[in-house]
Amino acid sequence: MPRTELAPEKAAAIAEWAEQERETSPDLAAVLEDIAANGLPGQDECMPWEQVRDDHYQQLGIDPTRWHRGVA
C-alpha cells in the first residue's frame, strides 16, 4: 500500500517536532522525520498501538491482560 502524502505545511510541522525531540527521543525523531519526508505509511506497514502497548508491558514484566483490568 502506498504512503499517504502530506501537505507541505504538515510535513514541515512534523519535521519541526522531530527536531525538538531529537535529543531526548531519537527513535521518535527518526520516525517523525521519515513521515515528514515520505508521508504516512500504509496500513500494511503499521502495527496497532494496542500491540505495541502490550508488547511493552510484557517487556516490563507486566501481564497486559491484568493491566487492562486495572490490576498491575
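Mentor: Start with contacts, meaning heavy atoms within 4.5 Å. Among those between residues at least 6 apart in sequence, 47% join residues at least 24 apart. This is a predicted model: local features need pLDDT of at least 70, side-chain atom pairs count only at pLDDT 80 or more, and totals for chains, interfaces and linings use all residues. Residues are numbered from 1 along each chain as its sequence is written, and side-chain values use heavy atoms, with hydrogens and water left out.

Now the residue, A18. It lies in helix α1, residues 8-21. Helices are DSSP runs of H or I, at least four residues, numbered from the N terminus; strands are runs of E, at least two. A18 has 0% relative accessibility, so it counts as buried. Buried means under 20% relative accessible area, with a 1.4 Å probe and protein chains only. Leaving aside residues up to four places away in sequence, A18 touches A29, L32 and E33. T4 is 14 residues from A18 in sequence and 19 Å away in space, C-alpha to C-alpha.

Next, the whole chain. Buried residues make up 18% of its 72 residues. The protein chain has 4 helices and 0 strands. Its radius of gyration is 16 Å, well over the 11 Å that the globule rule gives for 72 residues, so the chain is more spread out than a compact globule. That radius is taken over C-alpha atoms; the rule is 2.2 Å times the number of residues to the power 0.38. Along the principal axes, the C-alpha trace spans about 45 × 30 × 15 Å.

Methods. Buried < 20%, exposed > 50% of the residue type's maximum accessible area, 1.4 Å probe, protein only.
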